Amino acid sequence: VVDVVALGESMVTFLPSRPGRLADVPSFERGIGGAESNVACVLAAAGHTTRWISRVGADGFGDHLVETIGGYGVDVSRVRRDPDRPTGVYFRTAGDRSSDAHEVAYYRAGSAASAMSPDGVDLDAARAGRVLHLSGITAALSAGCLDLLRKLTAPHPARPLVSFDVNHRPGLWRDTHGPEVLLELARRADVVFVGEDEAEEAWGVTGGPSPIREALPEPDTLVVKQGAHGATAFCRPPAGGTAGGRATTPRPATTAPALQVDVVATTGAGDAFAAGFLSATLRGLPVRDRLRHGHLMAAAALTTPGDLAPPPTRAHADRLAALDDT
Ligand code: KDG
């Protein structure tokens with residue numbers, strides 16, 4: 001059994017050679033992006049067995065994605081090649097995604113991955129891991145992609161632990177249903193990652209982690225990311241053998257401060273955080289350590305310009321996570 005299966009679109013990313021408006025940047029360096037494959041790559045680098053499920057075009061960019069992601073040790077044997085649709089690409093400018101200085105230009109409408117649907121994807125292969133990691137980005141790509149997420153988050157005898165990163169990308173939604181769809185999918189997942197800023201932007205929930213938990217009580221584990229401040233996890237203990245018995249009492253929250261680093265680019269940090277949290281979850285570590293491993297992996301991504309950074313080795317991460325906050 002694979003530890004983690006991640007399903008979603010990946011793209012070739014073009015990183016600017018210098019700061020400035022997209023209109024002014026003269027050249028770009030090629031990288032790879034894709035929230036779910038980023039999670040798979042970080043988990044693979046951290047010693048887990050992972051699989052990435054997706055579609056790419058039968059083109060050079062598709063080759064590059066499959067080779068690069070496979071090069072991280074991720075199983076790419078279930079990635080389908082589409083002879084008719086291209087691999088998606090995107091460009092970005094330097095700067096923080098949350099500020100006006102940051103521009104993202106996607107060229108992914110009609111991409112190979114946007115043609116995913118419950119009929120075209122091997123659902124057994126998607127359910128074959130201990131964890132299935134999905135994100136809200138896929139829901140925005142097409143009606144077929146949304147159907148696929150609904151299918152994979154629905155009850156099923158072989159359903160693994162479903163991890164869902166909300167990843168609200170307003171620029172990708174072609175209608176106004178994004179926030180409600182993201183809430184619907186998050187409610188059906190077992191582990192949910194959401195940023196405080198996303199919860200406000202998508203659902204208008206303000207006031208910190210507790211109001212977000214009140215708005216989203218269903219997932220057994222809810223992780224609220226609070227940027228440079230840290231992250232808070234709400235975890236419901238296992239039901240103790242009572243099938244389907246979901247406690248309604250709110251559980252105490254666990255908060256862990258983020259590491260203080262000189263941020264180069266925030267892109268990919270959320271994915272790395274999710275990978276660190278899931279890695280520690282798979283290893284049965286306590287909640288506080290899951291958050292700490294999330295922060296450690298995020299710190300590596302925050303201090304490099306691309307989506308992906310070499311994460312600390314598992315032994316090194318364990319030593320760092322065990323250090324005191326002081
Ligand atoms: O989390 C990083 C991703 O946002 C980036 O790799 C591109 O997947 C991407 C997207 O759809 O925005």
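Predicted model: local features only at pLDDT ≥ 70, side-chain atom pairs only at ≥ 80, totals over all residues.
Q: What makes H5 and H6 roughly parallel?
A: Helix H5 (residues 143–153) and helix H6 (residues 178–188) pack at an angle of about 25°. Angles under 35 degrees count as roughly parallel. Therefore H5 is roughly parallel to H6. Their axes are 9 Å apart, and their crossing is left-handed.

Q: Which residues make the contact of H5 with H6?
A: H5 contributes Leu-146, Leu-149, Arg-150 and Thr-153. From H6 come Val-181, Glu-184, Leu-185 and Arg-188. By class, that contact has 4 nonpolar, 1 polar and 3 charged residues.

Q: What makes up the contact of H10 with H11?
A: On the H10 side are Asp-289, Arg-292, His-293, Leu-296 and Met-297. On the H11 side are Ala-317, Asp-318, Leu-320, Ala-321 and Ala-322. Sorted by class, the contact has 6 nonpolar, 1 polar and 3 charged residues.

Q: How do you know that helix H1 is mostly covered?
A: Count its buried residues: 10 of the 11 in H1 (residues 35–45) are buried. A residue is buried under 20% relative accessible area. The buried residues of H1 include Cys-41, Val-42 and Leu-43, along with Glu-36, Ser-37 and Asn-38. After H1 comes Gly-47, with a positive phi near 100°.

Q: Why is His-229 called exposed?
A: The relative accessible area of His-229 is 66%. Exposed means over 50%, so His-229 is exposed. His-229 sits in the loop between strand E12 (221–225) and strand E13 (230–235). Leaving out residues up to four places away in sequence, His-229 touches Ala-256, Pro-257 and Ala-258. Gly-284 is 55 residues from His-229 in sequence and 25 Å from it in space, C-alpha to C-alpha.

Q: Is His-168 buried or exposed, and what makes it so?
A: His-168 has a relative accessible area of 10%. The cut-off for buried is under 20%, so His-168 is buried. The residue lies in the loop between strand E10 (161–165) and H6. Beyond four places in sequence, His-168 touches Trp-173, Leu-182, Glu-198, Glu-201 and Ala-202.

Q: What makes the pairing of His-168 with Glu-201 a polar contact?
A: The two side chains are 3.2 Å apart at this contact. A polar contact needs N or O atoms within 3.5 Å, one able to donate a hydrogen and the other to accept it. The side chains of His-168 and Glu-201 make such a contact.

Q: How do you know that Asp-3 is buried?
A: Asp-3 has a relative accessible area of 14%. Buried means under 20%, so Asp-3 is buried. Asp-3 belongs to strand E1 (residues 2–7). Its side chain makes a polar contact with the side chain of His-48 (2.9 Å). Among the residues that Asp-3 touches, beyond four places in sequence, are His-48, Thr-49, Arg-130 and Leu-282.

How values were computed
Residues numbered from 1 in each chain as written. Heavy atoms only, no water. Axes fitted to C-alpha atoms, helices over the stretch in contact; angles between N-to-C directions. Helix = DSSP H or I, 4+ residues; strand = E, 2+ residues; numbered from the N terminus. Parallel < 35°, antiparallel > 145°, perpendicular 65-115°, else oblique. Left-handed = near helix turned anticlockwise from the far one by under 90°. Contact = heavy atoms within 4.5 Å. Nonpolar A, V, L, I, M, F, W, Y, C, P; charged D, E, K, R; others polar. Buried < 20%, exposed > 50% of the residue type's maximum accessible area, 1.4 Å probe, protein only.
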